[in-house]
Amino acid sequence: MQTITTVRDLRRFVWLHRQAGRTIGFVPTMGALHHGHMALVERCRADNDVTVVSIFVNPTQFGPGEDFDAYPRDLDRDLELCREHGVDAVFHPAVAEMYPEPLQTGIEVPALSTILIGEQRPGHFRGVATVVAKLLNIAEPDRAYFGEKDFQQLAVVRRMAFDLSMRASIVGVPTVREADGLAASSRNKRLTPAERRVAPVIHQGMLAARSLFSTGERDAATLVSAIRSATEREPSISLLSCDLRDSATLGILERVTDKPAVLLVTARLGSVVLIDQLELRPGATEEGEAA
Ligand code: AMP
């Protein structure tokens, strides 16, 4: 496995493989890797000849007062995990390599970026979309992999890639969960033991909504209330948002129709904001992500 720190060296690495006729898959991350990230790597390896992972804590997606400096970093462990999982190259640039000068250009996907998480974190998705565009311009992969866990991010990136006719196909990977159903996330480490014990009720609520859906329920309020009643049983959880949305536009829906829809939840547990999602595909019943 190669560790690459400059834009020039990554371009050269990709060019050499492309000259040899190999396909390139790309997994952008901010490090602190766990088995959720590794599901993206595994999918990438299955689809492509060469897998490149980027590890870059991107300052431009953190707002003032957000914890850019405190974001967990453990490069040695991340590299070890990538090596074990057969990654071909890790791109780990310094901030000055990615941003040699203050940016004058930014990518906005306003309709998708100003709602939900974007409402609480103004500018966050501009930072995400812009750094992903830069990374995709540098690596020029055939495919790039993003987790469905960060559903809004995936929607923003998909739309950006579509609008800007980007070369890479954007591939969404189902959410990886802990044994008790909590979506794997580096934030879970910040939960106290008591908070960690109750956190899976979010997913339990979603499973209750999914079983209603599989028996024919299509009304958003009813599906949402299954999640609300599960989380209300735990007073330490406060639901910040919970609604049914169109999977592509993220517009609020009153019913599931023939288009893919998603239940999106944001919840606060102590000082930690957790997000989770469940896609409801018309025609599907119990398939999709594993419980
Ligand atoms: P991050 O390093 O948190 O920016 O995440 C990098 C990528 O890994 C993003 O596309 C995330 O959506 C994805 N990811 C993180 N956790 C999970 C998970 N539990 N399941 C699937 N994908 C995940």
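**Exercise 1. Find how much area domain 1 and domain 2 bury between them, and how much of it lies on carbon and sulfur atoms.**

Step 1. Domain 1 and domain 2 bury about 1,300 Å² between them, and 61% of this is on carbon and sulfur atoms. Buried area here is the accessible area (1.4 Å probe) that two parts lose on being put together, summed over both.

Step 2. Let us look at the domain 1 side.

A note on the model before we go on: it is predicted, so local features need pLDDT of at least 70 and side-chain atom pairs count only at pLDDT 80 or more, while totals for chains, interfaces and linings use all residues. Residues are numbered from 1 along each chain as its sequence is written, and side-chain values use heavy atoms, with hydrogens and water left out.

**Exercise 2. Locate the two domains and state how far apart their centres are.**

Step 1. The assignment, automatic or from a database, gives domain 1 as 2–173 and domain 2 as 186–280.

Step 2. Taken over C-alpha atoms, their centres are 26 Å apart.

Step 3. Each domain brings 16 residues to the contact, meaning heavy atoms within 4.5 Å.

**Exercise 3. Describe the surroundings of the ligand.**

Step 1. Start with the shell: 17 residues surround the ligand, each with a heavy atom within 4 Å of it. The closest are Met30, Gly147, Asp150, Val176 and Ala184.

Step 2. Now sort the shell by type. There are eight nonpolar, seven polar and two charged residues; in this scheme Gly counts as polar.

Step 3. Next come backbone atoms. A polar backbone atom of Met30 is 2.9 Å from an oxygen atom of the ligand. For Gly147, a backbone N or O atom also lies 2.9 Å from a ligand oxygen atom. At Val176, a backbone N or O atom is 2.9 Å from a nitrogen atom of the ligand.

Step 4. Finish with area: the ligand alone exposes 480 Å², of which the protein buries 92%.

Note on methods:
A polar contact is a pair of N or O atoms within 3.5 Å; within protein, one must be able to donate a hydrogen and the other to accept it, and residues adjacent in sequence count only if both atoms are side-chain atoms. Accessible areas come from the Shrake-Rupley method with a 1.4 Å probe; for residues, only the protein chains shown count as cover.
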